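Walk through this model from its overall fold to single side chains. Keep the sequence beside you as you read.

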Amino acid sequence: METLRNILPYLEVVFAILTVTGVLLQQSEAGLGGAFGMDAAGTGFHTKRGAEKVLFIATIVIAVLFVANSVTILLVR
């Protein structure tokens, strides 16, 4: 149990860095239209494909792991 207590804070930092990196690497929509779901051409939503979709899903998974790790840290103490 002591080993787990020592490892969890380091995992928290790793998950935080990976989450921030994943969010920053995602394509941002330019202009105010991006806030309302419009792409640059004004045609509306676009489908994520390939690497963009993998990065999107990976960011969600890492964020969930970050939250689970945070809860675990609270429960272990």
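The protein chain has two helices and zero strands. Both are DSSP runs (helices H or I, at least four residues; strands E, at least two), numbered from the N terminus. This is a predicted model: local features need pLDDT of at least 70, side-chain atom pairs count only at pLDDT 80 or more, and totals for chains, interfaces and linings use all residues. Residues are numbered from 1 along each chain as its sequence is written, and side-chain values use heavy atoms, leaving out hydrogens and water.

Of the 77 residues in the protein chain, 16% are buried. Buried means under 20% relative accessible area, exposed over 50%, and partly exposed in between (1.4 Å probe, protein chains only). A contact needs heavy atoms within 4.5 Å. Among contacts between residues at least 6 apart in sequence, 76% join residues at least 24 apart.

Now take helix 2. Asparagine 69 lies in this helix. Asparagine 69 counts as buried because its relative accessible area is 5%. Setting aside residues up to four places away in sequence, asparagine 69 touches Leu8, Leu11, Glu12 and Phe15.

Isoleucine 60 also belongs to helix 2, which spans residues 51–76. Its relative accessibility is 42%, so isoleucine 60 is partly exposed.

The charged end of lysine 48 sits over the ring of phenylalanine 56, 4.8 Å from its centre. The rule asks for NZ of Lys or CZ of Arg within 6 Å of the ring centre and within 35 degrees of the ring normal.
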